[in-house]
Amino acid sequence: MSWTRGPFVALAVCALLGGAAGCGADDAHGRQGGATASPVGKLLDDTDERGRHYREVAEKGAPEVSIEVQPDSDDSWDVLLTVHHFRFSPSGARAVPVAGRGVALLSLDGRTLARLRTRDHHLPGGLVPRGTHHVTVRLYADDGTVWAVDGKPVQGTADITASGAGPTAPGSTPSAAGSGREGAGAGGTPTAGGSGRRPRAPATPRPG
């Protein structure tokens, strides 16, 4: 009767491991299922001006960003970001999307100035010609995709007016500052479908 003990012991071990899922092909399937990560958001066909796809997430709990720009000494500017449901990734982070994490790109009139991993940034005056400009901050996932809500990028925009001795930007006109998750668009007006925050404080021009 000793020949019956081997299968009996094997079945007992399987039972301790959680039933049939603990043995054989089912076991391998269980491990594979546990290692599969759920996708983050929905990758859209829409892209930004750099060709990076939008990664759409639900509005509830979505990342938010607002921007405030204030003049500093020597015709420079202090940039301060306020974020919600978002944390900055450290340098060297893996290029995979993680919910509510990534970097921010700062741009002036559509021209990228800096990649930000902190809430504050110092903008040299030499990068801002005389006149009114749109300063935009947009949130990206670590894989380079754009965080988006309702098909719109998560961003904030403030208008600043530089009155220093630098060259004058063509077509510059005074404008109010703005900020929000869907802040002001490239024309300084709220983007369609926006749900951004109200401006914290207007960016004021420096004395000439």
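Glu 49 has 54% relative accessibility, so it counts as exposed (exposed means over 50% relative accessible area, buried under 20%, and partly exposed in between, with a 1.4 Å probe and protein chains only). The model here is predicted: local features need pLDDT of at least 70, side-chain atom pairs count only at pLDDT 80 or more, and totals for chains, interfaces and linings use all residues. Residues are numbered from 1 along each chain as its sequence is written, and side-chain values use heavy atoms, with hydrogens and water left out.

Now for the charged pairs. Side chains of opposite charge can pair when their charged atoms come close. Searching the whole structure turns up six salt bridges (a side-chain nitrogen of Lys or Arg within 4 Å of a carboxyl oxygen of Asp or Glu). Here are some of them:

| Pair | N to O distance |
|---|---|
| Arg 50 and Asp 48 | 3.7 Å |
| Glu 49 and Arg 138 | 3.4 Å |
| Asp 142 and Arg 101 | 3.0 Å |

Take Glu 49 and Arg 138, which pair up in a salt bridge. They link distant parts of the chain, 89 residues apart: Glu 49 lies in the loop between β1 (42-47) and β2 (53-56), while Arg 138 is in strand β9 (residues 131-140). Strands are DSSP runs (E, at least two residues), numbered from the N terminus. Arg 138, at 11% relative accessibility, counts as buried.

What about Arg 50 and Asp 48? Their side chains meet in a salt bridge; Arg 50 is partly exposed at 29% relative accessibility, whereas Asp 48 is buried at 6%.

Then there's Asp 142 with Arg 101, joined by a salt bridge. Both are buried. Through salt bridges that share partners, Asp 48, Glu 49, Arg 50 and Arg 138 form one network.

How values were computed:
Helix = DSSP H or I, 4+ residues; strand = E, 2+ residues; numbered from the N terminus.
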